[in-house]
Structure formats: C-alpha cells, structure tokens
Amino acid sequence: MKKIAIFVLFSLSVIPLCSCGSSFKKTNSSNYDIIPLIGEDEATDYSNPNNWLYCETEAEHDVDLIYFYPTVTFEPNYYVVSRVSREMKEGATWGFADTGSCFAPYTNLFIPFTTQFPITLTKEVQDEYFQKYNIDPNKVIDYFDILTYSHVRTDVYAALDYYFEHYNHNRPFILAGHSQGSAICQIVLEEYMRVHPEFLSRMVVTYSGGFSVSRQYLRDNPHLKYAEGETDTGVIVSWTTEAPGATEHGVIVQPDSECINILNWKKDETRAPRSLNKGSRVSNNPIHTYITIKPGVADAQLDLKNGVMIADINLMPDLFKIDAPNFIFGDKSYHTCDYWFYYENLRENGLKRIESFLGRETK
C-alpha cells in the first residue's frame with residue numbers, strides 16, 4: 001500500500017516568490033455529489049482577477065487552455081494551502097512556463113489559483129488531517145483518496161463554474177496539467193465532466209503529464225476515452241517519463257496504466273528515435289536562468305508492463321535527478337521533464353488535435 005507517500009507530491013522544480021492578494025466568498029458545492037465534497041465549504045472568488053494566474057478574457061484564438069499547475073506549496077504545518085501567497089503565485093508561474101506553456105501560442109489562457117496539498121507534512125499535521133476527516137490511514141492507498149477527503153476540489157469546481165459561465169462562450173478547450181495538476185484534471189474529468197457533458201463535448205484533449213491514467217479509471221468512467229493516435233479528439237493523453245532501468249515507479253504511476261508514445265503516437269513498444277524529437281526545453285542550471293530549445297535530446301519507448309515511457313537522453317542524466325524518496329517518483333524518474341523533453345512535439349500535437357476538432361487548419 002502507498003500510504004503517506006501521497007502527502008509528499010509532486011513537482012520539485014518551483015522557485016518562490018512574489019506577492020498577490022486574494023478574496024473569498026461562500027459558495028454552494030453540493031451539486032457535485034458524485035463523490036461528496038468533504039471539508040470547508042468556502043471557495044475562492046473567481047470574479048476577482050487576482051485569483052487567476054492568467055485569465056485572457058479578450059479572446060484572440062478559437063480555443064482556450066484550462067491549466068492546473070503542479071504542487072507549488074511547501075508548508076509542512078498545513079494539510080491544505082488555500083491562500084494565493086507569494087510562493088503559490090511564483091511557483092505557478094514557473095510551473096506553467098515549464099510545462100503547459102507549449103500550448104500558449106494558439107490558445108487563450110485560463111489558469112486559476114486553487115487550493116493545494118503541500119509537498120511535505122509533519123507527522124502531527126498528517127495525523128490531525130486523518131482524525132478531522134475520520135480517515136483510516138490503512139485504507140488510504142493513493143493520491144485520489146486524499147483529494148476525495150479535502151476541499152481542494154471546491155476551488156477547482158468554483159473556478160470551472162465561473163469560467164464556463166462568464167469566459168468560455170462555447171469555445172472548444174484543451175485541459176492540461178502536470179503532476180498534482182494532472183491528478184486534478186482526472187478528477188475534473190471523472191466528476192465535473194460527468195455532471196456537465198455539454199462541456200465535455202467541447203474538450204479537444206486532456207494532457208495529463210506526470211500522473212498516469214489507469215485502465216480501471218477508464219472502465220469506471222465510460223464517458224471518457226483514451227487517445228489511440230496523433231489526432232483523435234475528446235481524449236486523454238497521459239505519460240510519466242523514466243530513465244532506462246527503472247525498478248520502482250512511485251505513486252505517480254497508477255496500477256495497470258494506459259500510455260501512449262509522445263514522439264510516434266503509438267501504443268506499442270516501438271522505439272521512437274531522437275530524430276523525431278523536435279525540441280526539448282533545456283536549462284543550463286538548476287535555477288532556470290537560461291532556457292533553450294534543443295532538438296534530439298530524448299527518444300521515447302513505452303514500457304507496457306509498467307505503463308511508463310522510457311527516455312534515453314543525450315545529456316547527463318544526473319542533471320535531471322530528483323532529490324526525493326523512491327516511493328514518491330521511483331528510482332529513475334524524469335518527473336520534472338515530462339513536458340521538457342517533448343516540449344515542441346506536444347506543442348505541435350496540440351495544434352494538430354485542434355485542427356482535427358475544428359475540421360480546418362489553424363494558425
């Protein structure tokens with residue numbers, strides 16, 4: 001069982017800090033009762049523009065991007081962090097720049113600040129969390145269980161409610177995230193989109209990087225489809241990236257995971273050579289002071305047994321080593337590089353799926 005590990009997720013690449021205010025109001029979340037919301041019935045006020053990292057209400061494109069950023073909060077004394085702090089704002093900015101920004105050139109950006117679980121919790125705070133929500137720690141086996149028992153989803157659904165009522169104007173959209181953000185995307189697909197099939201029908205694709213999709217999840221949610229190729233729409237694309245020879249895979253890899261190769265868009269173990277990689281987002285040092293796009297950095301080959309994507313890179317692997325216990329990410333994870341390694345290919349794929357959805361070429 002994967003107890004406790006769930007509290008130590010996810011992205012370790014964020015850099016604080018910059019201040020921003022926030023505003024809160026009471027909202028009613030009771031209409032989302034497929035899995036009851038448990039926790040505080042208080043959601044962020046998304047009519048306040050300060051509660052969005054990006055909210056491009058003057059649409060320049062035919063398609064929107066709804067993005068949920070990875071874990072950017074590091075507060076061991078709180079089991080949820082709901083305020084828009086310096087840390088959250090700066091971390092969300094970097095998290096998006098490192099990942100979902102690949103879709104930015106052809107989408108209108110909508111990125112709400114939402115409640116998160118921190119990367120680390122003290123044992124005392126963790127025990128308090130279990131006691132408050134009457135959770136048996138022996139039965140908590142994955143990250144979805146934790147989000148079920150929190151009010152993280154309250155913010156997410158309030159943001160989506162406001163977006164679809166005031167900002168979307170019936171446009172198609174891409175849903176994307178990384179790490180904790182991808183776990184949120186999957187909960188949105190399971191719960192929110194089941195309640196709102198009219199919104200799901202406008203979804204071009206969901207990119208769930210750094211948190212895999214299990215086949216059981218797909219069986220439990222027949223309204224959802226996993227990608228079968230390069231241009232199908234209304235589907236989920238998920239992947240977790242590891243170095244060759246991994247023996248542990250961490251809690252970000254769900255049991256019996258689906259996967260698709262980001263370079264050749266096949267679902268078998270055919271290796272996609274580095275020559276297919278059109279550009280990786282590469283930093284020259286750990287604090288991202290210089291970023292360049294470099295082609296041919298990583299190949300890609302699926303490991304169907306474990307449901308992961310293996311990347312053999314032509315850079316020093318130690319540059320991308322994650323300083324975290326193996327039970328979180330595995331022993332050879334490239335978690336922070338899920339988008340980095342395949343940045344230009346993901347950018348191109350998003351555009352291809354938009355063109356397929358709209359039935360015409362899009363600039």
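This is a predicted model: local features need pLDDT of at least 70, side-chain atom pairs count only at pLDDT 80 or more; totals for chains, interfaces and linings use all residues.

Author: Buried residues make up 57% of the 363 residues in the protein, so let's go inside, because buried here means under 20% relative accessible area. The largest nonpolar core has 85 residues, and the ones with the most contacts inside it are Ile174, Val188, Tyr207 and Tyr342. Which helix gives the most to this core? That's H4, running over residues 152–167, with 10 residues.

Now zoom in on Val188. Skipping its neighbours within four places in sequence, Val188 is in contact with Phe68, Val156, Tyr157, Leu160, Leu175 and Met193. Val156, Tyr157 and Leu160 have numbers that fall in the 152–167 range of H4. There's also a second, separate core of 7 residues, with Ala183, Val253, Val308 and Ile310 among them.

Stepping back, the protein has 9 helices and 15 strands. Take its contacts between residues at least 6 apart in sequence: 79% of them join residues at least 24 apart.

Asn170 is exposed, with a relative accessible area of 60%. Trp265 also has a positive phi, about 55°, without being a glycine. You'll find Trp265 in the loop between strands S11 (257–258) and S12 (280–283). Trp265, though, is buried, at 7% relative accessible area.

Definitions and conventions
Residues are numbered from 1 along each chain as its sequence is written. Side-chain values use heavy atoms; hydrogens and water are left out. A nonpolar core is a set of buried Ala, Val, Leu, Ile, Met, Phe, Trp, Tyr and Cys residues joined through side-chain atoms within 4.5 Å. Buried means under 20% relative accessible area, exposed over 50%, partly exposed in between (1.4 Å probe, protein chains only). Helices (H or I, at least four residues) and strands (E, at least two) are DSSP runs, numbered from the N terminus. Contact means heavy atoms within 4.5 Å.
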